[in-house]
Amino acid sequence: MKKLIGCMAAFIVSNTLVGCVSLNSVSLTQLPEKREHLVSASASDLVFLGFTSQNDFVDEAVTALKSKCVGGKLTGILTKHQTTAYVLVFKREVIASGYCNTAAG
Amino acid sequence: MLRVFLTSIVLMCASCARLDHVQISDIDQSQGPLKAISVKVSNVGFDAAATTAIAADLASSESARDNLGDLAAILAMFNMGPRTGNPVYNDRYAEGLLQQLKQQCESGKITAIRNIREAKSYGTISGEIVRIDADCII
């Protein structure tokens with residue numbers, strides 16, 4: 001009996017800690033002809049019970065994406081905004097990827 | 001004890017930020033230096049059904065509680081369906097964004113446009129915000 005309770009508790013804990021993802025928004029821009037150099041960046045923050053006063057982490061994703069294609073042109077940008085729910089804590093995340101094309105090729 | 005708890009919740013909820021949508025456009029860093037520009041517009045959102053439901057909970061008489069409860073249900077039915085954030089009373093508040101963005105960029109060449117739909121929530125009232133961050137190619 002104790003073993004069964006232990007197994008059930010482990011099952012519940014592992015399932016709740018893994019987290020459930022909800023996809024808030026997705027967008028894609030025009031795809032370039034040259035699709036060789038794919039770069040990606042993401043930024044996230046953790047909020048307790050959803051209480052937060054800012055959404056500044058979005059800017060971090062953009063800055064990181066820009067830094068991976070300095071002097072080039074980023075097109076075909078796929079932006080995902082998702083939220084992962086853990087126990088009482090939510091992870092808000094922006095994941096962006098795109099194709100970098102520079103004059104040098 | 002209950003008052004302390006409710007006050008804590010209200011204080012924690014004061015100015016809670018919500019993020020609904022993020023979209024990043026093409027980023028062109030090949031044409032010269034960039035200058036960050038930003039435009040933000042907002043409108044007051046109001047959750048009438050939730051407000052009435054709170055009033056119903058706080059009502060002292062049984063009949064007032066019932067009437068307010070019914071009103072909350074009717075208001076909730078009026079506002080049911082898919083929506084982003086609280087309803088606002090002006091459906092044109094985001095229309096001037098393009099003009100405002102252009103005014104901040106003399107060259108007219110705008111890249112790295114980030115469309116952000118967010119809100120600041122103050123209980124049943126919220127500021128429903130549309131923010132456009134971008135870079136002006138100088």
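**A tour of chains A and B**

Helices (H or I, at least four residues) and strands (E, at least two) are DSSP runs, numbered from the N terminus. Where pLDDT is low, the predicted coordinates should not be read in detail. Chain B has a mean pLDDT of 89, with 90% of its residues at 70 or more.

This is a predicted model, in which local features need pLDDT of at least 70 and side-chain atom pairs count only at pLDDT 80 or more, while totals for chains, interfaces and linings use all residues. Residues are numbered from 1 along each chain as its sequence is written, and chains are lettered from A in the order in which they are written. The model scores ipTM 0.82 and pTM 0.81.

Next, select the contact between the chains (C-beta atoms, placed from the backbone, within 7 Å). Chain A contributes 28 residues and chain B 20 residues. On the side of chain A that touches chain B, strand 3 of chain A gives the most, with 6 residues.

Stay with strand 3 of chain A, which pairs with strand 2 of chain B in the antiparallel sense over 2 bridges; pairing requires at least two bridges found by DSSP. Here A:L74 stands opposite B:I27.

Finally, select A:L49, in the loop between strand 2 (38-48) and helix 2 (57-67) of chain A. A:L49 is not a glycine, yet has a positive phi of about 55°.

Note on methods
pLDDT = per-residue confidence, 0-100. Contact = placed C-beta atoms within 7 Å.
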